Amino acid sequence: KQPKLTVEILTDLTMDKTLFDHLPDEVQLKIFKFLETKDLIRCAQVSKRTRRICHDESLWEKVNLYEKVVPSEFIAQILENGCKYINLRSAKIVGALKLSRKNYNVKYLNLNHCTADIGVLEKLISSCKSLQKLSLASLELNSSAVFFPHQELQTLDLDAFKGLDLELMTNILSCEKLTDVSFRFHRHLSDDLVQYLVENLPRNIEKLSLSAIGLTDEHVKTLVKRCKKITDLELSKCGNITEDSLTSIVEHAKQLVKLNVSDASIGIS
């Protein structure tokens, strides 16, 4: 015997509107939250009503575009829809980025290995002034256009970033709320830039990776004397540091929980 609900659905399907059209906006919104981004885009083309519901901010809070080819217009759209968490790792942004505002409330932005036309990524970063977590790993950007002081920035990934100069370093280190920073694989930083880094890192740093950077024992000593809240320190592949660095760490890094000195010139007896 057919359930009554099934009969009602079959009846409604013979009319202009389906049973789904009679559901309140709030119910449709809950259903749309189960859809992937590509399906939301399709649904938004069905009618003016579904388009309005599909543009609700709660549906666009987190957008994962990992390894996708993304039109720049779509980036502008999700920003307008209030997106706060954007993953563009290994994605390709196509076309010039046109934005209607200079500031969007994005909290998390991952641009690791992301590619785009000249100036697009710089414009995207500069339009997100409330960032708390940012990844620019393996990118080469115009340093003068990338950073202004991101005062809310807490986590920054600059692994293998190309173009790290004094101007950009100064802007980065002015972010006083930074607690987690990664500078892996910057073997070719000048001695002056490395010295500037260890002398000006925010004192609240808790997690720091300086893997494969030309650190010396004096650099390490300066670092741990300045940043006393470090709990996780990675100094792997720093071939110039010796047991003297361990001595400095033991004397000054009282909060340290995790230390990586693999592939350094340190012998443990």
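**Briefing on the predicted model**

With a relative accessibility of 33%, K221 is classed as partly exposed. The model described here is predicted. K221 belongs to helix α10, which spans residues 217-226, and is one of the residues in a patch of positive charge on the surface.

**Surface charge**

- The patch of positive charge on the surface brings together R203, K221, K225, K228 and K254.

**Cysteines**

- The structure contains zero disulfides.
- For C175, the closest cysteine sulfur is that of C128, at 14 Å, which is too far for a bond; a disulfide would need the two sulfur atoms within 2.5 Å.
- C227 is likewise in no disulfide, and its nearest cysteine sulfur, that of C175, is 14 Å away.
- C175 has a relative accessibility of 0% and therefore counts as buried.
- C227 is also buried, its relative accessible area being 1%.

**A buried loop residue**

- I205 is located in the loop that runs between helix α9 (191-200) and strand β9 (207-209).
- Although it lies in a loop, I205 is buried, with a relative accessible area of 0%; the cut-off for a buried residue is under 20%.
- Between the C-alpha atoms of I205 and V181 the separation is 7.7 Å, while the two residues stand 24 residues apart along the chain.

**The loop between α3 and α4**

- S47 is situated in the loop between α3 (37-43) and α4 (48-54), and Q45 is found in the loop between α3 and α4 as well.
- S47 is partly exposed, as its relative accessible area is 33%.
- Q45 has a relative accessible area of 64% and is exposed, since the cut-off for that class is over 50%.
- From S47 to H219 the C-alpha distance is 62 Å, and 172 residues separate them in sequence.
- Q45 and E80 are 35 residues apart in sequence, with their C-alpha atoms 18 Å apart in space.

Note on methods
Residues numbered from 1 in each chain as written. Predicted model: local features only at pLDDT ≥ 70, side-chain atom pairs only at ≥ 80, totals over all residues. Heavy atoms only, no water. Patch = residues over 30% accessible without salt bridge, like charges linked within 9 Å, V, L, I, M, F, W, Y side chains within 5 Å. Areas by Shrake-Rupley, 256 points an atom, 1.4 Å probe, with all protein chains shown as cover. Salt bridge = Lys/Arg side-chain N within 4 Å of Asp/Glu carboxyl O. Lys, Arg positive; Asp, Glu negative; His and termini not counted. Charge placed at Lys NZ, Arg CZ, Asp CG, Glu CD. Helix = DSSP H or I, 4+ residues; strand = E, 2+ residues; numbered from the N terminus. Buried < 20%, exposed > 50% of the residue type's maximum accessible area, 1.4 Å probe, protein only.
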